[in-house]
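Trainee: I would like to learn how to read strands, sheets and cores from a set of coordinates. Could we work through one example together?

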Amino acid sequence: MAAPQDRGRVAAVLGPTNTGKTRYAIERMLAHADGMIGLPLRLLAREVYDKVVREKGVASAALITGEERIAPETARYLVCTTEAMPLDRRTAFLAVDEIQLCADPDRGHVFTNRLLHARGLHETLFLGADTMRGMVKRHAPGAEILYRERLSTLSYAGHRKLTKLPKRTAIVAFSAEEVYAIAELIRRQRGGAAVVMGALSPRTRNAQVELYQSGEVDFLVATDAIGMGLNMDVDHVAFASRQKFDGRRSRGLRADEIAQIAGRAGRFRTDGAFGETGECPILNEETVRRVQEHAFEPIVAIEWRHERLDFESVTALIVSLERPPEVPGLTRIRNAVDEETLKRVAREPEIEGRAHGAAAVRRLWDACLMPDFRKATLDEHARLVSRIAQSLLSAKGVLPEEWVRRELDGLDRVDGDLDALQSRIAHARTWTYAANRADWLARPDLIRERARAVEDKLSDALHQALTQRFIDRRTSALVRGLKRDEALLAGVSAAGEVTVEGHFVGRLEGLQFYPDPEALGREGKAVRGAAERALAPEVSRRLWAYAKEERFCLGLKGDVSFQGAALARLVPSPDPLQPKIALIGAPSGDLRGQEALRARIQAWLRQEAERRLQPLLRLRSAMEDPASTPGIRGLAFRLWENAGALDRAAVAAEIACLSGQDRMALASLGFRLGRVSVFAPGLATSKAARLWCVLRAAGRAPEFLPPHSGRTLRAEKGPLPEWPILAAGGYRAAGPILIRMDRLERLVASLHHPTKEQELQALAAIAGVDEAVMPGLLKALGYWRRGGADGAPLRWRPRRGARKPVAVPTQGGATPFAALEELLTPPRPKP
């Protein structure tokens, strides 16, 4: 394959980013009478077009892309995307930017075609990375190689936290989810970020870049879309990830790709830096060296497709597409979307019957060349191409205008989230592309205008949605206020609404500041810092005021509140009767005030314990009292370890060893040696038992909380709580029945007196259950029925060997309190 006969100068301007290659090409083009430049991105083409317009006037410039065409007849300078370059027009100057994209697996064959065949009459420039030096020498013999040094230094800054990144930083990620998550975090902590992704329309990307360039935000979150020549004032590039999906597989970035993106840092003579952030792995020293020294493996093969396709038939076209190269260093492009789409569409009967002759096959191929803006599956894309091709191959030879308008009308709405707006823009770009094919529509100008209006409307809506979601002007103002030396102006309304510097930021409840969830979210550290600093005087005042109060409330989860506002919570300690206190909120309050409030709450808890839990206090004293007998100390220790109650049968040996004086001492502590339990009747009352359960849980929800009424409960299913948990509430189990200990003692006492009280109805009243439940309850207690016939009194006697209730099941661990609420149901009421 011979290179074209060049009549003018051919040069390759190679080097890293920020070397002024593109600027040099523009200057050279404008020095000629006419010229053409091919650029890799529509957005970059628009930027260069605007420069040419400023230099030469709108009548002298043309913009030609797949989706946009501004081409006055007087235009002398054509600014194009590389794919859209009209090579049938010869110009004095021609340039192709980012020529290293010859190796790109998706678009490389287009750039290779330009390298091999596109020439200006007097001057041709290929711009790109130095890795293309060998390929340029081989495939453009005689080309002059011009190497340009980077105008500024690019240094490695290492890993930094997202919250510690310097201003004018571009943060790079490789998925929309990552980009949005990082932008949301930056919004909450640093005031906001602009977003740039390849999926955005050029209009939206331009608007987002302008937010950054104007200084309204100091951070940019982007995909590798920023790596291709977008000119921005970036000082630092931080990689949040280096793993990307290239359309075929997920892979790590190569060193040259890292350099292409990192090279966006630093403008002209201003030095730049790059590094990592978030969970991105640290770069190894060798990669850092190669990026800084621009030392990369040369490109040894570039993608290629035969330039002379055979349109005699679909089969001939496919054969020519699959023709292998004859020159070393060229690799036939494989799995290209347009080629795979052709193979699918050509098999359809509607297409197969119409695609005859060179003109029809060429028209079919034009339809297959339509880019997949929607990033749909290949089958979905092929279905759309097939419908377009059928219309183009019909008798009318154009797309039905009614169909295209109906599609655009369906896209002409701005509701939905970011993904929905981006999806509609992608669909709109499909019809913008179709409208820019002059022979695809009967009235292309009208459809082009309609498609452009829909795309612009959606792009503006997407820009507005991105701005609203990722730029918080209120947060930005508060962060700036933190940097001032003077105090921030804060106010707290009677309803607890907090404003700082005139901005509503949340609510102050008790001592705790709650940020506005819609404005700040869970990561609003910067705003909370501003609010807490501004609220310090008010919080200190409240601390001292609460420290003088006497009527606190202890919640079921161990929270201490005053008039509905939570002030503190219990923290576990070795002695449940003396829990530690952790204040809720007040980090910026007066330290002495914090200590005063903690001391006041602890004093209040001691008073409550002395009022309701006196048997436990006396029990603890007996354990520590040297005057207590060994029998009392041993039993006291067992009671303390088991939450203040014991199964009598389990300690029968210890009880047998107690002297009469010991029994009197135990009674003086408030404990009773019952028939089935050793317990303190004073602790079985609902208020005392509930307080004891909450203190033992110490900041957690109790696994069992006795009802206020002290009623008997019945477990329908599942394991029951272990002994200490039930015992703390004054209850114990008898089979599936949970019965308060003092009630159980009365029931068992009645069973030992042969009176009418042993009738089931009377026993059920004592037990607090339905009469039908009693046989099962008595059986669980180990009693059997005796007598009751011919007027004889009914007797219940313990079975031989049965001296205690059935043991409490413990398999499966303790049951959470919330589950126990559903597990336990009150007995059915008596009919």
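Predicted model: local features only at pLDDT ≥ 70, side-chain atom pairs only at ≥ 80, totals over all residues.

Trainee: What is the order of the strands in the open sheet of four?

Mentor: The order is E23-E24-E25-E26, and the pairing is antiparallel. Strand E23 (553-554) and strand E26 (580-583) each have a single partner strand, so one side of each is left without a neighbour in the sheet.

Trainee: What packs on the sheet?

Mentor: Helix H19 (residues 591-612) does, touching E23, strand E24 (559-562), E25 and E26. The direction of H19 makes about 135 degrees with that of E26.

Trainee: How many bridges join E23 to E24?

Mentor: Two bridges join E23 to E24, and these strands run antiparallel. Leu554 stands opposite Val560 in E24. The hairpin of E23 and E24 has four residues between the strands, and Gly558 in this hairpin takes a positive phi near 85 degrees.

Trainee: How many bridges join strand E25 to E26?

Mentor: Four bridges join strand E25 (residues 565-571) to E26, again in the antiparallel sense. Leu570 stands opposite Ile581 in E26. As a general idea for reading such pairs, in a regular strand the side chains alternate between the two faces of the sheet.

Trainee: What is the order of the strands in the open sheet of three?

Mentor: That order is E27-E29-E28, with antiparallel pairing. E27 and strand E28 (672-673) are the edge strands, each pairing on one side only. E28 and strand E29 (residues 677-679) pair over two bridges, and Leu673 has Val678 in E29 as its bridge partner. Helix H26 (residues 741-751) packs on this sheet and touches E28 and E29. The direction of H26 makes about 140 degrees with that of E29.

Trainee: Next, cores. What is the general idea?

Mentor: In soluble globular proteins, nonpolar side chains tend to be buried together. Here the largest nonpolar core has 67 residues, and Leu364, Ile388, Leu399 and Trp431 have the most contacts inside it.

Trainee: Which residues does Leu399 touch, not counting residues up to four places away in sequence?

Mentor: Leu399 touches Ile388, Ser391, Leu392, Val404, Trp431, Ala434, Trp440 and Leu441. A second, separate core has 62 residues, including Leu511, Leu619, Ala643 and Phe671.

Trainee: Is Ile186 buried or exposed?

Mentor: The cut-off for buried is under 20% relative accessible area. Ile186 has 2%, so it counts as buried. Ile186 lies in helix H5 (residues 176-190). Leaving aside neighbours within four places in sequence, Ile186 is in contact with Leu162, Ile171, Gly191, Gly192, Ala193 and Phe219. The C-alpha atoms of Ile186 and Phe219 are separated by 7.8 Å, and these residues are 33 residues apart along the chain.

Trainee: How many residues of helix H3 are buried?

Mentor: Nine of the 10 residues in helix H3 (residues 108-117) are buried. Among them are Phe111, Asn113, Arg114 and Leu115. The buried residues of H3 pack against strand E6 (93-96), strand E7 (123-128), helix H4 (133-139), strand E17 (302-304), strand E18 (330-332) and helix H10 (337-346).

Trainee: How would I read a residue in a loop, and where does Asn642 lie?

Mentor: Locate the loop, then list polar contacts and other neighbours. Asn642 lies between helix H21 (630-641) and strand E27 (646-647). A polar atom of the Asn642 side chain lies 2.9 Å from the backbone oxygen of Arg638. Not counting residues up to four places away in sequence, Asn642 touches Trp723, Pro724 and Ala727.

Trainee: What does the secondary structure of the chain come to?

Mentor: It comes to 29 helices and 35 strands. Of the 831 residues in the chain, 52% are buried. The accessible surface of the chain is about 38100 Å², and 50% of that belongs to carbon and sulfur atoms. Among contacts between residues at least 6 apart in sequence, 68% join residues at least 24 apart.

Technical notes: Residues numbered from 1 in each chain as written. Heavy atoms only, no water. Polar contact = N/O pair within 3.5 Å; in protein donor to acceptor, adjacent residues only side chain to side chain. Contact = heavy atoms within 4.5 Å. Pairing = 2+ DSSP bridges. Axes fitted to C-alpha atoms, helices over the stretch in contact; angles between N-to-C directions. Core = buried A, V, L, I, M, F, W, Y, C linked by side-chain atoms within 4.5 Å. Buried < 20%, exposed > 50% of the residue type's maximum accessible area, 1.4 Å probe, protein only. Areas by Shrake-Rupley, 256 points an atom, 1.4 Å probe, with all protein chains shown as cover.
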